[in-house]
Amino acid sequence: MKKDIKLLVMDVDGTLTNGKIYIGPLGEIFKAFDCKDGYAIAHMLPENGIVPVIITGRTSDIVSARCQELHITEVHQGVIDKLPVLEAVVEKYGCTLDNVAYVGDDLPDLPCMQVCGLRGCPADAVKKVKEVCDYVAASGAGAGAVREFIEWILE
């Protein structure tokens, strides 16, 4: 395993999903998640003692349901300034920022990514995020990019 990673912090829209939000005529919202990402989060991380963490800017019942399905208990939604939440989670788990891998895709993720031990992003992340990453996935957002990053961490 690369470094001594204890936490994998993930953004949702544009990282675990393709970033598209589908709104139906009655206002219902849909998002699509990748099963390969889900398997890695629910099985590969726990088997290696890594806690999955969600910190996302939007609030969504869909994200809550997906997190419950994947047994992610550290979920923070509606977070605009992600860094203070990241610091609180790190303190809660008694580790350091160097023990954190972060996967994100856009400018709100940068403050966290710049202080974490390992940084990854999907192939279609914005340029400024790609520039700070240790790993840029071959896959796009919502298409297995998180799985790739997890496998890279565990190599």
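In this predicted model, strand β1 (residues 7-10) pairs with strand β6 (residues 100-103) in the parallel sense, over 4 bridges. Methionine 10 is part of that pairing, and its bridge partner in β6 is valine 103. Strand β1 also pairs with strand β4 (residues 51-55), again in the parallel sense and over 4 bridges. Here leucine 8 has proline 52 of β4 as its bridge partner. As for the side chains of β1, Leu7 and Val9 point one way while Leu8 and Met10 point the other way, and all of them are buried.

Next comes helix α1, which spans residues 35-47 and includes glycine 38. Glycine 38 has a relative accessible area of 4%, so it counts as buried, the cut-off being under 20%. Leaving aside residues up to four places away in sequence, glycine 38 touches Arg66 and Leu70. Lysine 130 is another story: 92 residues separate it from glycine 38 in sequence, and the two sit 23 Å apart in space, C-alpha to C-alpha.

Then there are the charged residues. Side chains of opposite charge can pair when their charged atoms come close. The structure holds 11 salt bridges. One of them joins lysine 6 to aspartate 4, with 3.2 Å between the closest N and O atoms. Lysine 6 is partly exposed at 35% relative accessible area, and aspartate 4 is partly exposed too, at 41%.

Lysine 92 and glutamate 74 form another salt bridge, their closest N and O atoms being 2.8 Å apart. This pair links distant parts of the chain, 18 residues apart: lysine 92 belongs to helix α3 (residues 82-92) and glutamate 74 to strand β5 (residues 74-76). Lysine 92 counts as exposed because its relative accessibility is 57%, and the cut-off for exposed is over 50%.

Arginine 119 has 16% relative accessibility and counts as buried, whereas aspartate 134, at 36%, counts as partly exposed. Finally, salt bridges can also be followed through a network, which links Asp11, Lys82 and Asp109.

Conventions: Residues numbered from 1 in each chain as written. Predicted model: local features only at pLDDT ≥ 70, side-chain atom pairs only at ≥ 80, totals over all residues. Heavy atoms only, no water. Helix = DSSP H or I, 4+ residues; strand = E, 2+ residues; numbered from the N terminus. Buried < 20%, exposed > 50% of the residue type's maximum accessible area, 1.4 Å probe, protein only. Contact = heavy atoms within 4.5 Å. Pairing = 2+ DSSP bridges. Salt bridge = Lys/Arg side-chain N within 4 Å of Asp/Glu carboxyl O.
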